[in-house]
Amino acid sequence: MADWFEKAPIGALVDRAARLFGPHEALCFQGKRWTFAQLKEDVDRSARGLIGLGVKPGEKVALWMPNRPEWIHLMFAVAKTGAVLVPVNTRFRTVDLEYVVRQSDAVTLITVDRSGPVDYLEMVREICPELDSGDPHDLRPEKFPELKRVVVVGDQRHPGVLGWADALSAGDAVPQSELERRHGEVDADEPVLIMYTSGTTGFPKGVVHNHNIQRNVSDEANRLGMTVRDVILMYLPLFHAFGLYEGP
């Protein structure tokens, strides 16, 4: 008997949307706008950047970043490479961040240098002093033996970490055919997200979601009567299941 919902990797949603709605608007953020075709281009470039960094299928990529376009680019990019995204609560500070990165066995941590008054990079340095002296391509800190690299999205360069702009440039040397090969090997039944609970009475618990979670999202959209003409104003944090599944 056929499945009631055709299984497909989450990354395929971007490709399908670009084919169906290429010139139509997909995203607006602080006055900048992307069509679905442009969004796919940025997702694919981000995915090639991850491959260029050395991100392997099945590896955990922790994303500690406020809502911004790169969050969406990276979420789909991680899915396309076969890696597993670990969204991290932006209200976490050093103790909780340390727990999630270690407990998830994250190999890559992607963050911003700062957002408003919050210095994210300084908090990473506090729990990972090896940034000051280690190899930014192969950190392996004492507290996080699986962590190979910390990548910072921002305009400034910082010692001890990799810049996302440099990763994108390196990814330009990765052929699109390699990304398509990686994406073609992604199994929809395999994990794509580890969403951490709020940890109200203890440390957060990692909840594993595979690509088929989009069945729930599609069913919810149908029940809400959503159409291609609808516009979603998303102010909820993307690190949380509510914001992630209601938005992108």
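This section describes the nonpolar core, the strand pairings and the salt bridges of a predicted model.

The largest nonpolar core has 70 residues, among which Trp64, Trp71, Ile110 and Trp164 touch the most other members. Helix H3 (residues 69–81) supplies the largest share of this core, namely eight residues. Apart from its neighbours within four places in sequence, Trp71 contacts Leu63, Met65, Pro66, Leu85, Pro87, Leu238, Phe239 and Leu244. In soluble globular proteins, nonpolar side chains tend to be buried together.

Helix H5 (residues 120–127) is largely enclosed by the rest of the structure, because six of its eight residues are buried. The buried residues are Tyr120, Leu121, Met123, Val124, Arg125 and Ile127. Their cover includes strand S3 (60–64), helix H4 (94–103), strand S5 (106–112) and strand S6 (149–153). Where H5 starts, the backbone nitrogen of Leu121 lies within 3.4 Å of a side-chain oxygen of Asp119.

Strand S4 (residues 84–87) is covered on both faces, with Val84 and Val86 buried on one side and Leu85 and Pro87 buried on the other. In a regular strand the side chains alternate between the two faces of the sheet. S4 pairs with S3 in the parallel sense over four bridges, and Val84 in S4 is the bridge partner of Lys60. The chain passes from S3 through H3 to S4 in a right-handed β-α-β crossover.

An antiparallel pairing is found between strand S1 (residues 25–29) and strand S2 (residues 32–35), which are joined by four bridges. Lys32 in S2 is the bridge partner of Phe29. The two strands form a hairpin with two residues between them, and Gln30 in the turn has a positive phi of about 50 degrees.

The structure contains 17 salt bridges. In one of these, the closest N and O atoms of Asp189 and Lys7 are 3.1 Å apart. This pair links distant parts of the chain, 182 residues apart: Asp189 is in the loop between helix H7 (176–184) and strand S8 (191–196), and Lys7 is in the segment before helix H1 (11–21). Asp189 is partly exposed, at 38% relative accessibility, and Lys7 is partly exposed at 37%.

Asp172 forms a salt bridge with Arg48, with the closest N and O atoms 3.9 Å apart. Asp172 lies in the loop between helix H6 (164–171) and H7 and Arg48 in helix H2 (residues 36–53), so the pair ties together parts 124 residues apart in sequence. Asp172 is partly exposed, with a relative accessible area of 42%, whereas Arg48 is buried at 14% relative accessibility. Salt bridges also link Asp15, Lys40, Asp44 and Lys80 in a network.

Notes:
Residues are numbered from 1 along each chain as its sequence is written. This is a predicted model: local features need pLDDT of at least 70, side-chain atom pairs count only at pLDDT 80 or more; totals for chains, interfaces and linings use all residues. Side-chain values use heavy atoms; hydrogens and water are left out. A nonpolar core is a set of buried Ala, Val, Leu, Ile, Met, Phe, Trp, Tyr and Cys residues joined through side-chain atoms within 4.5 Å. Buried means under 20% relative accessible area, exposed over 50%, partly exposed in between (1.4 Å probe, protein chains only). Contact means heavy atoms within 4.5 Å. A polar contact is a pair of N or O atoms within 3.5 Å; within protein, one must be able to donate a hydrogen and the other to accept it, and residues adjacent in sequence count only if both atoms are side-chain atoms. Two strands pair if DSSP finds at least two bridges between them. A crossover is right-handed if, with the strands pointing away from the viewer, the path from the first strand over the helix to the second runs clockwise. A salt bridge is a side-chain nitrogen of Lys or Arg within 4 Å of a carboxyl oxygen of Asp or Glu.
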